[in-house]
Amino acid sequence: MSEQLRIALVQMDIAIGEPDVNADKAIQLMEEAVRSADKPDVIVLPEMWNTGYALERIHELGDEGGTRTRNIISAFCRKHAVNVVAGSVAELKDGQAFNTSYVFNREGQVLVDYSKIHLFRLMDEEKHLAEGTKPGRFAIEGQDAGVMICYDIRFPELARKLALDGVKLLFVPAEWPNPRLHHWRTLLQARAIENQMYIVACNRVGTSGDTDFFGHSMIVDPWGEIVVEGGEEEAILQADIDLNLVNEVRGRIPVFEDRRPSLYG
Ligand SMILES: NC(=O)CCC(=O)C(=O)O
């Protein structure tokens, strides 16, 4: 188990409705990340990186059973001995479409699959996608981790549940557009501060129709400080995190010991 992890965020543009183009690009950017002198332990991709929000055609374009994603990413992880939080993809299962995140370890095994629980009506998700039914919790390099997808971060109850279940490191793949940059930054910092855990959030960049995605992928530490933050261009962002800080912050302000759940559920 390692307390120190080097994380790379692949803040990429996504071609709407072009899974082949997007897969090639994701692999190319991940290859770039592992070639760097400071090879990361974990690589993170954004939300719906296979299709973008091509929701009208999602049943035609989605990944049946997640097979393609599993094959491509698993092979990459084995080749480079790296963990990948594979953002999320449009996944088809039992005739329904889901917004699903897969996490892979260095051996290419799937550690968790998590389908987005809260569907975002402003982008018509509820018209085309089915809701996930369970939180996403797993262990990566021996560390308790969780995954929530984009709009999920507006639900502090979900992050709190994961924290109460032991999570110290929360991954957030996203396609979060303008004009809500201040919501994005504030909510990510709030989830980190209130749960005293690391938040690792990867947002896409680029334009899709009349929607602009602003990037600003970031890692926030358990004290609420931003460790790294992207701009609005395609980029690979990298930073080291130290999980010891979670226990240190939880020791300094013992929020979890001071909770009074009998008064508020
Ligand atoms: N893809 C999403 O879930 C977008 C969420 C979002 O933009 C928000 O404001 O919430």
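In the hairpin of strands S14 and S15, five residues lie between the strands, and Gly224 takes a positive phi near 90°. The strands, like the helices below, are DSSP runs numbered from the N terminus (E and at least two residues for strands, H or I and at least four residues for helices). S14 (residues 218–220) and S15 (residues 226–229) run antiparallel and are joined by three bridges; two strands pair if DSSP finds at least two bridges between them. Val220 stands opposite Ile226 of S15. The model is a predicted one, in which local features need pLDDT of at least 70 and side-chain atom pairs count only at pLDDT 80 or more, while totals for chains, interfaces and linings use all residues. Residues are numbered from 1 along each chain as its sequence is written.

A second hairpin is formed by S6 and S7; it has five residues between the strands, and Gly108 there takes a positive phi near 85°. Five bridges join S6 (residues 96–104) to S7 (residues 110–115), and these strands run antiparallel. Tyr102 has Asp113 of S7 as its bridge partner.

Turning to the helices, H1 (residues 19–35) packs with H3 (residues 67–80) at an angle of about 15°, and their axes are 11 Å apart. Axes are lines fitted to C-alpha atoms, for helices over the stretch in contact, and angles run from 0 to 180 degrees between N-to-C directions. H1 is therefore roughly parallel to H3 (angles under 35 degrees count as roughly parallel, over 145 as roughly antiparallel, 65 to 115 as roughly perpendicular and the rest as oblique). On the H1 side the contact is made by Ala23, Ile27, Met30 and Val34, and on the H3 side by Ile72, Phe76 and His80; contact requires C-beta atoms, placed from the backbone, within 7 Å. By class, this contact has six nonpolar, one polar and no charged residues. Ala, Val, Leu, Ile, Met, Phe, Trp, Tyr, Cys and Pro count as nonpolar, Asp, Glu, Lys and Arg as charged, and the others, Gly among them, as polar.

Most residues other than glycine have a negative phi, and most peptide bonds are trans. Ala81, in the loop between H3 and strand S4 (83–85), has a positive phi near 50°. The peptide bond from Asn178 to Pro179 is cis, with omega near 10°, and Pro179 is found in the loop between strand S10 (169–174) and helix H6 (181–195).

How values were computed:
Contact = placed C-beta atoms within 7 Å.
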